[in-house]
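Colleague: Thanks for sitting down with me. Could you take me through the model and tell me what lies behind the labels you use?

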Amino acid sequence: MRLNDNRMDALNMPEWLLTDENYSPPNDRDTFVNKSILSFLSILARIKTQDSSETGKYGISAIFKVAFTFMLILLLSLSRSFVFVMIINVYLIVILSLMKAEDIVKILKVSLVMSLFTFILLLPAAFWGNSSSTILITGKVFATITVVNILSRTTKWTSITGALKKFFVPDLFILVLDITIKYIVMLGDFALSMLYALKLRSVGKNKSKYTALSGIGGTLFIKSKEMAEDMYIAMECRGFTGEYHVYNNFKFTIADFGYIMINVGIIVLFVYFGRI
Amino acid sequence: MHIPDNYLSPQTCAVMGAAMIPVWAVAVKKIKAEVPKEMIPLLGIGAAVSFLLMMFNVPLPGGTTGHAVGGTLLAILLGPWAACISVTVALLIQALMFGDGGILSFGANCFNMAFVLPFVGYYIYKFIKDSVKTDKGEYIGMIAGSYIGINVAAFCAAIEFGIQPLLFKSATGQPLYCPYPLSVTIPAMTIPHLLVAGVVEVLFTVAVFSFVKKVSPGTIYEGAKEKTKAIYGLIIGLICLTPLGLLAAGTAWGEWGTDEIQDVVSGGSALGFVPAGMQNGFSFEALMPDYSVSGLPEAAGYILSAIAGAAILIILFKVIGYLKKDKGESALE
């Protein structure tokens, strides 16, 4: 009998449970959280996709790519010839056309935005009467940004850092670079989860959102210190003595030969147009 | 503040790169001496943090956002030498992998953001913190350090841009690289940094530092034992830079002499007259008029004036410090 009473009570739901709820959280500004999330995501996506970029069996060695990319940037910067800059631009566009559409879009986006920015920046100078240098510098900026992006999109970053060894960069520095790239991903993932948490937990107005951002930055720093200690212990356990050697098994291919020939041609062009 | 390629001449880039080599060498040595064992992971992970700190968007009034460089913050947290290497590696990855900032101008970018910014910021912070030994002093130091640090860095970038048309011209007199003179580049670089980027840097530095201090005070760099001596190094560096003022074509805005005032352009038309009050007014003969001392080359005069100015400022600070201490002691009695 008593049990029945209890059941009846349970069936009589309290009043507040039966009324319709009409809560809509007030809007709050969170552009800075969204923007931070986006910039972290783009960085992480960029690093993760480059890891899968295949150079192919007969690809050009990273050493030559890095060396000639640097050379081309230097020649572009030194050149005063409009024709030379235009030839290089055409050459780079040809290389671009051989790449995947996805990469082409991404590279062009960066180089076009930067060239446009440069052009607008130099436009007042054109009105002062040096329109030629405005166009020349814009062309140079387009070529430089495109060539760096082609390098970074077609080569594994570990190969780029490895190639630096041939240019007398100390092994230690290459190790530091590799660690940095790895930990940008690890700490970036970590920061990203904190940003998501901040966004999810800020329902309606959250007055302490700004202080939370500094918390994320601060936690990131503390976490990095812990990670550095852990990593050092792990390295020591595996017998790390402070010496680090980068090994390179380097094979000369036909592609390398062709690439060198093209670049010799570029140097000849530079000298030829430099005379005029 | 990332200078792309082709804005600076290769010669300027080479000079800036050469200037950074001894800095990097000393930095590695100093870090090795301070933390010999954990150095390698610390440098790599410090660089990763410095890279990621630049990704944070800080809210600004009016609904916009900006991002901080975090150079002073890293210098306070890790020490200036470790910050120098961390920012350098972060800048290298940005230039090489992300195409952000030039390859040739890498040296110049490092000079501005990995050397000038953290060191100016850190030593201003340390100087104020050591002379005002309260919590408030520490925060004032941080605010002043991060604000002045980023602005001095922007000013350096402006000078690097601005000297290009003076030094590198084609046969017909057309500038080959950045075409704008100092009178354009300095306001164009410094005004946005004074108004916006400096504020972002201060907000971010203070907020993150106070969080780390509250949560994990042990992780903060304690600083060298040498006390404030380093501020003198900074001052000497700045003194050496003063002849750069000579490169500016015009007199600084607001520093016209009476002979120049009639040429001052306001609202599109030259003033064309000397304000009467200035013509017959009180003429103040300074100790070293126009920063040039007779019988000395102009550059040397500049340096001499700068040394005098710096010394006077140091004396002023010392006197203020002494008076304050005196007052504190008498209050105790």
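**Contacts, helices and spans**

Modeller: Happy to; keep in mind that this is a predicted model. In chain B, 68% of the contacts with a separation of 6 or more join residues 24 or more positions apart.

Colleague: What share of chain B is made up of buried residues?

Modeller: Buried residues make up 44% of the 333 residues in chain B. To be called buried, a residue needs 20 or more other C-beta atoms within 10 Å of its own. As for secondary structure, chain B comes to 13 helices and four strands.

Colleague: How do you know which residues of chain B are in contact with chain A?

Modeller: The test is a distance: two residues are in contact if their C-beta atoms lie within 7 Å. By that test, 47 residues of chain B are in contact with 62 residues of chain A. On the chain B side, the elements giving two or more residues are helix H2 (39–53), strand S1 (57–59), helix H4 (80–97) and helix H8 (182–215). H2(B) has the largest share, with 12 residues.

Colleague: What makes up that side of chain B by class?

Modeller: It has 33 nonpolar, 11 polar and three charged residues.

Colleague: Let us turn to helix H5 of chain A. How do its reach and its expected span compare?

Modeller: H5(A), residues 82–97, has 16 residues and reaches 23 Å from its first C-alpha to its last.

Colleague: Which residues of H5(A) are buried, and why are they said to be on the same side?

Modeller: The buried ones are Phe84(A), Val85(A), Ile88(A) and Leu92(A). They cover an arc of only 95 degrees around the axis, which puts them on the same side of H5(A). On the other side, Val83(A), Val90(A), Val94(A) and Ser97(A) are exposed, the cut-off for exposed being 12 or fewer such C-beta neighbours.

Colleague: Where does UniProt place the feature "transmembrane region" in chain B?

Modeller: The unreviewed entry lists several spans, including 72–97 and 146–168. In the model, residues 72–97 of chain B are 96% helix and 0% strand, with end C-alpha atoms 25 Å apart. Residues 146–168 of chain B are 91% helix and 0% strand, and their end C-alpha atoms lie 33 Å apart.

Colleague: And which domains does the assignment give for chain A?

Modeller: It gives domain 1 (60–156 + 251–276) and domain 2 (170–245). Taken over C-alpha atoms, the centres of these two domains of chain A are separated by 35 Å.

Conventions: Residues are numbered from 1 along each chain as its sequence is written. Chains are lettered from A and ligands numbered from 1 in the order in which they are written. This is a predicted model: local features need pLDDT of at least 70, side-chain atom pairs count only at pLDDT 80 or more; totals for chains, interfaces and linings use all residues. Ala, Val, Leu, Ile, Met, Phe, Trp, Tyr, Cys and Pro count as nonpolar, Asp, Glu, Lys and Arg as charged, and the others, Gly among them, as polar. Domain bounds come from an automatic or database domain assignment. UniProt positions are given in the numbering used here, feature names are shortened, and annotations may be inferred rather than shown by experiment. The expected span of a helix is 1.5 Å times one less than its number of residues. The arc is that of the directions from the helix axis to the C-beta atoms.
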